[in-house]
Amino acid sequence: MKIFAQTFTFDPQTPIETISFSHQHGFQGVEITCEYPRGPLDYVKEAIFQMKALAQEYDLPLQVHAPYINVRLADLNPRIREASVQSVKDGIDFAHEIDAGIVTIHLGNTTKRRLKQVYENVRKALLNSVLTLTEYAEQHDVTIAIENLPADDKSAWEKALGKSAEEIIDILKEIDSKNIGVTFDVGHANTISDPTNFAVKLAPYVVNVHLHDNDGTGDQHLVIGQGSIDFLKILHILKETGYAGPLVLEYFDPGSLVKAKVELLKLLKRF
């Protein structure tokens with residue numbers, strides 16, 4: 001397992017600076033978050049070439065988090081759904097240009113009323129979108145990874161899709177492709193239920209892991225060890241199922257990123 005850093009849209013650091021920072025601080029890869037105003041369409045060819053070249057110089061593999069704000073892959077309005085699919089495709093195109101092999105995606109939201117009244121319509125729309133993206137990923141030699149999302153109980157109107165392990169596994173079995181897997185977000189899982197249960201269920205499908213801590217009441221992105229998550233147990237579950245992929249530390253500032261890396265290394269040394 002390799003420790004990756006992740007860029008954030010509103011972090012003062014640009015992806016180029018994060019790649020340099022990651023090299024200086026001993027990270028083993030970088031996940032670039034492609035969300036506007038730093039979305040995949042915002043980068044000129046020269047910037048894309050610089051990212052790719054610098055990562056190759058430092059021997060840092062890259063991966064991508066596709067745009068996710070306002071992405072609604074299950075929307076029953078075909079115009080909105082098509083725009084959402086295209087937005088994720090832009091992330092796949094960007095990944096292909098920088099030689100990134102994994103693209104994390106969100107399924108997006110839908111309304112609770114639609115889920116209650118026309119569930120099969122929503123499910124069909126979602127599966128069609130994910131199938132389209134999986135086929136597009138295969139054409140570009142990329143694997144898309146569905147990320148499990150955190151609790152969103154505060155909304156009386158909207159519901160996020162992909163919060164439960166069972167929901168994601170159902171989609172993966174329906175699509176049945178080597179170009180789709182799971183980004184297991186441990187912090188998100190902890191806002192739903194015991195994340196070790198998520199780990200056991202999702203482990204066979206995991207191609208990427210996001211790590212950050214919280215106390216279970218919200219998506220707080222605390223430094224590892226400052227919340228309630230038993231990371232050692234989760235890492236053991238992943239290792240036992242043969243997972244050897246990225247461990248992406250997902251933080252909003254460089255200081256927390258470095259502190260989390262120190263704590264994660266302590267855990268990994270206990271294996």
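**Strands, helices and a ring pair**

Mentor: Start with β1 and β2: they pair in the parallel sense, over three bridges. Keep in mind that this is a predicted model.

Trainee: Which residue is the bridge partner of alanine 5 in β2?

Mentor: Valine 30.

Trainee: And how many bridges between β2 and strand β3?

Mentor: Four, again in the parallel sense. Isoleucine 32 stands opposite valine 64 in β3.

Trainee: How many residues of β2 are buried?

Mentor: Five of its five. Both faces are covered. Gly29, Glu31 and Thr33 are buried on one side, Val30 and Ile32 on the other.

Trainee: OK, zoom out. Which strands make up the closed barrel?

Mentor: There are eight, in the order β1-β2-β3-β4-β6-β8-β9-β10, with parallel pairing. The twist from one strand to the next averages 30°.

Trainee: What about β8 and β9, how many bridges there?

Mentor: Four, and the pairing is parallel. Aspartate 185 stands opposite histidine 210 in β9.

Trainee: Now helices. What does α10 lie across?

Mentor: Helix α10, residues 254-268, lies across β1, β9 and β10. Against β10 it runs at about 145°.

Trainee: And α8, which of its residues are buried?

Mentor: Pro195, Thr196, Phe198, Ala199 and Leu202. Seen down the axis of α8, they fall within an arc of 155°, so they line one face of the helix.

Trainee: Switching topic. How many aromatic pairs does a search of the whole structure find?

Mentor: One. Tyrosine 43 and phenylalanine 94 are stacked, 5.5 Å centre to centre with 25° between the planes.

Trainee: Which parts does the pair tie together?

Mentor: Tyrosine 43 lies in the loop between β2 and α2, and phenylalanine 94 lies in helix α3, so the pair links parts 51 residues apart in sequence.

Trainee: Are those two buried or exposed?

Mentor: Tyrosine 43 is buried, and phenylalanine 94 is too.

Trainee: Stay with α3. Serine 84, is that buried or exposed?

Mentor: Serine 84, found in helix α3, has a relative accessible area of 4%. The cut-off for buried is under 20%, so serine 84 counts as buried.

Trainee: What does the side chain of serine 84 reach?

Mentor: The backbone nitrogen of arginine 72, at 2.8 Å. Leaving out residues up to four places away in sequence, serine 84 touches Asn70, Val71, Arg72 and Leu73.

Trainee: Last one, glycine 162. Where is it found?

Mentor: In the loop between β7 and α6. Glycine 162 is buried, at 0% relative accessibility.

Trainee: What does glycine 162 touch?

Mentor: Not counting residues up to four places away in sequence, its contacts are Leu107, Glu147, Asn148, Leu149, Glu167 and Ile168.

Technical notes:
Residues are numbered from 1 along each chain as its sequence is written. This is a predicted model: local features need pLDDT of at least 70, side-chain atom pairs count only at pLDDT 80 or more; totals for chains, interfaces and linings use all residues. Side-chain values use heavy atoms; hydrogens and water are left out. Buried means under 20% relative accessible area, exposed over 50%, partly exposed in between (1.4 Å probe, protein chains only). Helices (H or I, at least four residues) and strands (E, at least two) are DSSP runs, numbered from the N terminus. The arc is that of the directions from the helix axis to the C-beta atoms. A polar contact is a pair of N or O atoms within 3.5 Å; within protein, one must be able to donate a hydrogen and the other to accept it, and residues adjacent in sequence count only if both atoms are side-chain atoms. Contact means heavy atoms within 4.5 Å. Two strands pair if DSSP finds at least two bridges between them. Axes are lines fitted to C-alpha atoms, for helices over the stretch in contact, and angles run from 0 to 180 degrees between N-to-C directions. Rings of Phe, Tyr and Trp (its six-membered ring) pair if their centres lie within 6.5 Å; planes under 30 degrees apart count as stacked, over 60 as edge-to-face and the rest as tilted.
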